[in-house]
Structure formats: C-alpha cells, structure tokens
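Subject: Structure for you to look at

Hello,

Here is the structure I said I would pass on. Please open it alongside this email, and then read the notes below it.

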Protein chains: 2
Amino acid sequence: MTKAPETIAFTDGRLVLIDQTRLPGELVTLECNTVEQTHDAIRRLVVRGAPAIGIAAAYGVLLARPSDAIGPDREVYLRAIDFLATSRPTAVNLFWALDRMKSVIERTPDVQLHDALLVEAVTIHNEDRQMCQSIGRHGASLLGDCRSVLTHCNAGGLATSMWGTALAPIYQLHQSGHEIKVFADETRPLLQGARLTAWELSQAGIPVTVLTDSMAGSLLRTGTIDAVIVGADRIAANGDVANKIGTYPLAVLASYHRIPFYVAAPSSTFDLALQCGDLIPIEQRDRSEVAQPQGIRVVPDLAEVINPAFDITPAELVTAIITERGVIESPNCERIARHLDGR
Amino acid sequence: MTKAPETIAFTDGRLVLIDQTRLPGELVTLECNTVEQTHDAIRRLVVRGAPAIGIAAAYGVLLARPSDAIGPDREVYLRAIDFLATSRPTAVNLFWALDRMKSVIERTPDVQLHDALLVEAVTIHNEDRQMCQSIGRHGASLLGDCRSVLTHCNAGGLATSMWGTALAPIYQLHQSGHEIKVFADETRPLLQGARLTAWELSQAGIPVTVLTDSMAGSLLRTGTIDAVIVGADRIAANGDVANKIGTYPLAVLASYHRIPFYVAAPSSTFDLALQCGDLIPIEQRDRSEVAQPQGIRVVPDLAEVINPAFDITPAELVTAIITERGVIESPNCERIARHLDGR
C-alpha cells in the first residue's frame, strides 16, 4: 500500500501539491516548477485553505528563475513575491508568509540567499504542523462534551499541512478514542465540504455526513448539532472573521439556537492592521462557478450572478477563537491583542 | 413566434406538462397519458410546486382507465386518487385537490362521472389562476416600497398555473411599472431557484440575480434586501410553514436583520388538522440529488448524506402570510382560523 501524498511537499526543487480540484474522484498530484505555475495553482484552488496557501507561496518563491538562467537573485525573488501576492486577495496567511520570505531577503547576503529562503519556507511548513497539533489540543478541550459537530468548507488537512484548523480538534478527539460525528456543509459553489472535508474525514475513519448548505438550519433547530467549528481566512483586530461564504449565516443560526460557534485559526490569520471585518477585501470569483456547476449551465444567460468567495462574521457571534496559543473566549480587540502579545 | 407552453395543460384527454427537469437548457413538454405517468412526473419533479402538483394530480385522475378497457368507473377513479396521493408527501395541495375529486365521485351518478370530474379539475385549475392574481394584488401592497426582494426555490408561474404565489406580487408590481429587482437563491440540491425562478423572471423581463444559498446572509447583512418572500408546501393551524429546505435559515436571518419575511400561498395550503409544523411529514429524497449534482459524484461513497426536501419555519418568524383572500399579519391559530372562516 502506497502512502497517501501530502497536501504540500517540496522535493528535488519542485513543489508537489495534491490537486484538490480533482478530489474526491481522483487523488493525484500536480507539480509546480515555476512561480507562474504556483500562482496558477493557488488561483485555480489546486491548493487552497489559508495556511496551505501561505506554505505553497513560500515554496513558490524558491521556484524563481532569472531570465538569463544563471541563478536566482534578490530582484528575481522579490518579483516572485510580488507576483504570488496577486494570486488571491482574502487569506492574510498568503501575505504573512510572503512577508517572512521578504524579510529573509532583506537580511541575508546574496551568496546565502537560496539556502536561507529554503530554510524559511521549511520553517513555515514545520510551524504549521505544530500549529495544527496545538489547535487540536486546545480545541479538543472545548469540544470534549460534543458528540456531533457541524463544519463548513474545508479547514482540515487539505487546507494546511497536517490536521488542519477547524478539523484538528476532531482528529485529536478521534485519536483519543472520543466518539465524534461530523456534519459537513457541502459548501457551494465549489463544494469543498462535500469533496474535501468528507473525503479526508472518511479516509481517517471519522463518521461524516454531507448536507447542502441550506440544511444546516434544520439540524441546528432540531438539536442535532452540539457545536459549530470553522476556519478563517483573515481575522480583524476586533475579532471579526472573514471565512468561506456561508459562514456568517451559520454564526447567526448558532447564536439563535444558543449553540457555540468556534473559529480555529493560527495566529498568522490575524490582521491587526484592520480594525474591523468590513475592511477585509472580499474576493469575487467567476460567474461560471455558480452558473455552471460541474460544467453544466443551470443559470439562464439573461440572469445575473454574484459570487463572493467569503463573508464577514462579526466578533459578537463568535463564542471563541482557537489558535495554536490557546483559546480567546468572546473575542474583542483587547483580548486578541493580549493573546497575540509577543507574537 | 410560437406561444410559450403553459406549465400545465389538459388537451384532447392528455395532460401536457412543461418538463421542469430540463429547464433552463431546454423548454420542452412531457405528455402524460396514464395515471402512472402522472405519478412519475410528480415524483420526478417534471411538475413541482404545491399548487401545480394539485392541479396535475386532479387532471391525472381523469387518465384512469379500467383494466378491461370498457371505460373508467368509480372504483378505477378512486384507485387512481389513492395512487396519486402517494407521489409526494409534504405539499398538502396534492391531497386537497384529490379530496375534491373524491367528493365529486361520492356525489355524482355513474353516467355523469367523467364529465363531473373534468369540470372539477378545470375548476381547480381556473381557481388557481384567480388565486395567483389575488395574491399578486394583496402582496403588491405589502411590497410596494421594496426595490429588492429575495426569494428561495420557485414559487412562480412554474409552480402554479399562472403568476405563482411568492412571485405573483413581483409580476403585479412589474406590470404596474414599479421597478423591482429579485435575488434568487439557487436552492440546492435541485436548483429550482437558478433553473426555474431565474428563467421565468428573465423571460418576463424582470431583473434577477442568482446566488448560492450560502450568500443570502451577506446580502441581508449589508442591507441589499428589502424583504424576503417565499411560497409554502403546507401551513399548520398555528402558522408554522413547511417550505423548500433552506427557508427556515432565511427566516432566522430575516428576523435577525429586522427584514420582513413573507409567505405567499393559497388557502388550500393550510392544513388545519395539524396543530403545529413539527407534525408535517417531511419528504426525504434520494442521496444522489446531493451526492451527484449534474450526475457527477462529489461526495465520497464512505460519507453519509441527508436530503430532506423541506424544513419548518415557526410562525413567530413569519411577518405575514399572503393568501388569495388577503393578508394575515403575525399569523397565529386564531388569526388563521378567522381568515379561513367560510373557506
């Protein structure tokens, strides 16, 4: 039996990604040999999930090649960073990882540049694995009494390098013998819940049930769900959360039914430069994702379509944010600043 | 230019239906010559929408043929009624229409039976047209200040014989020169909003924008929507509403944002025998509708799937119910009983 590929691997100078656009039908990898291929893979969601995008972009910088083929230099790396930063706008982890790579360029002599960048990318990758385990541990103590959890989109191993963020506490609980069942919103338009969350949880032997996004309300109303847990693409200084479109209505429903609503994300997801969620740029994606699911036209051409990829959940609807450092209950500016102090 | 076919027509002893499973790709009709074909057309959603199901079933009774091919008789019609009643469980209009046909059988001599049943089916059909216009008139006065309305599923001309229920006030306003824009939830799993509502409104020249069900929360949060209006498949004595899955979360979101939430339905949609919504039977449909949209597998086989076709919205979340008789504000048992008195 061959070992399943990792979400992201950097081997022999190539970036190898599970092609998440092909799951669950096929488990295949895509190889990126250039910055352009990496940019395209992020844009097309071959690799997605805020932490995973950051890691992939960090490795992507290393694929920069100078036009004269002599060897990458400072300018070429910086251009690669600027280009990769245009791949997607909302997940702040992308910019956070690229900023770390840029800092390395600023402080490293030319001759050591390649090695220093490689070390930094590997460090970002390793920190992400640690982060998953820590979030798993902190989240498991919050979810310890839950039998049944609802999640949205995919904030699991396919969105990071290991256990994920929102799914990390579930893997942790499962590993320690706690019986927990997951309800996964399918997450239109791109069905990351159906295709990715259901796939990775069922591969791990964790019971998972898929529902359309419109069915979550009924489950919450009938008491089927003990807690809701999601990831985040960016969190503002006041605790407002940008996450996959459909997160906000879940937060309203959870609040209405007095069910805890948790957000799990590494501290790199906070953007303290933005005071509130409405300042977070929201990616608008192509009409075809809504109008032509699986390539078949379902919306008449005369009708308009909207396709925002994310929405904003105000902090007051968030019961707690779980990071690799611990838990921020009832998040607000002050509690977040204190939690991140010394980051 | 040929005239567009009607949603339901009964011509030369055949029931002719727009095949709604083929829209918006193709506008084609399906002919039913037997009770079995009618049952199948209702079950497969060739014809759907609570009022339309009732009308189709009433005509379907007329397609009953005795096994000895001599001519339909009382028993054959009654068997047809019992069989058609098994086609779908939630929309009460189906049973209401079949009960009217049964009453005709009970009070009519053998020799006049066929004609009496035909008259009754045509009467049900004509009453439905009147109902659409009346709901349009009553609803237009409620929506008169709205520029932008959100709807879910299809409660339009394709769900009835003419203007529909939830869409009737919109057609009425459009006809009287009022500028109104419709946001249509796509309505997974079967995309009646994208395929049918967007199609019929854009055919009528009414601006319509399609969104995934998960995007409605953001539109309500940002003040884009002035009112939500939906149809109903059954309304209990206390005003609890069974409607397409995804209606309940919209009602919670509308309430949270203090936006009016209207339900438009003929008085035949009330089931006074049921005290509250949790007594309404909810149809559970096939796994494949969720797991294989457009025939392509998106849910791994190891994952479970749920597929309830309807949910229950408690009366306290309903701003008003609009029927052909007028408007029931803040519906409850007493107000509903008074409204329907003399039905």
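Strand E2 (residues 14-18) of chain A pairs with E3(A) in the antiparallel sense, over four bridges. One of the residues involved is A:Leu15, whose bridge partner in E3(A) is A:Cys32. Please keep in mind that this is a predicted model.

These strands belong to an open sheet of three strands in chain A, with the order E1-E2-E3 and antiparallel pairing. Strand E1 (8-11) and strand E3 (29-32) of chain A are the edge strands, each pairing on one side only. On average, neighbouring strands of this sheet are turned by 25 degrees against each other, direction ignored. Helix H1 (residues 35-43) of chain A packs on the sheet and touches E2 and E3 of chain A. The direction of H1 makes about 140 degrees with that of E3(A).

**Two helices in chain B**

Two packed helices are described by the angle between their axes and the distance between the axes. In chain B, the axes of helix H2 (residues 50-61) and helix H4 (residues 92-107) come within 7 Å and cross at roughly 30 degrees. Angles under 35 degrees count as roughly parallel, so H2(B) and H4(B) are roughly parallel to each other. The crossing of H2(B) past H4(B) is right-handed.

Which residues make the contact? From H2(B) they are B:Ala50, B:Pro51, B:Ile53, B:Gly54, B:Ala57, B:Ala58 and B:Val61. From H4(B) they are B:Asn93, B:Leu94, B:Ala97, B:Leu98 and B:Met101. By class, this contact of H2(B) with H4(B) has 10 nonpolar, two polar and no charged residues.

In helix H6 (residues 168-175) of chain A, the buried residues are A:Ala168, A:Pro169, A:Ile170, A:Tyr171 and A:Leu173. Just after H6(A), A:Gly177 takes a positive phi of about 85 degrees.

Helix H9 (residues 247-256) of chain A is mostly covered, with eight of its 10 residues buried. The buried residues include A:Thr247, A:Tyr248, A:Pro249 and A:Leu250, and also A:Ala251, A:Val252, A:Leu253 and A:Ala254. Just after H9(A), A:Arg258 takes a positive phi of about 55 degrees.

**Two single residues**

Is B:Thr247 buried or exposed? B:Thr247 lies in helix H9 (residues 247-256) of chain B. Its relative accessible area is 0%, and buried means under 20%, so B:Thr247 is buried. Leaving aside neighbours within four places in sequence, B:Thr247 is in contact with B:His152, B:Val230, B:Phe261, B:Asp311 and B:Thr313.

A:Val263 is in strand E10 (residues 261-264) of chain A. With a relative accessible area of 1%, A:Val263 is buried too. A:Val263 and A:Ile229 are 34 residues apart in sequence, and 5.7 Å apart in space, C-alpha to C-alpha. Not counting residues up to four places away in sequence, A:Val263 touches A:Val230, A:Gly231, A:Ala232, A:Ile235, A:Val241, A:Val318, A:Ala320, A:Ile321 and A:Ile322.

Regards

Notes: Residues are numbered from 1 along each chain as its sequence is written. Chains are lettered from A and ligands numbered from 1 in the order in which they are written. This is a predicted model: local features need pLDDT of at least 70, side-chain atom pairs count only at pLDDT 80 or more; totals for chains, interfaces and linings use all residues. Side-chain values use heavy atoms; hydrogens and water are left out. Axes are lines fitted to C-alpha atoms, for helices over the stretch in contact, and angles run from 0 to 180 degrees between N-to-C directions. Angles under 35 degrees count as roughly parallel, over 145 as roughly antiparallel, 65 to 115 as roughly perpendicular and the rest as oblique. A crossing is left-handed if the near helix is turned anticlockwise from the far one by less than a right angle, and right-handed if clockwise. Contact means heavy atoms within 4.5 Å. Ala, Val, Leu, Ile, Met, Phe, Trp, Tyr, Cys and Pro count as nonpolar, Asp, Glu, Lys and Arg as charged, and the others, Gly among them, as polar. Buried means under 20% relative accessible area, exposed over 50%, partly exposed in between (1.4 Å probe, protein chains only). Two strands pair if DSSP finds at least two bridges between them.
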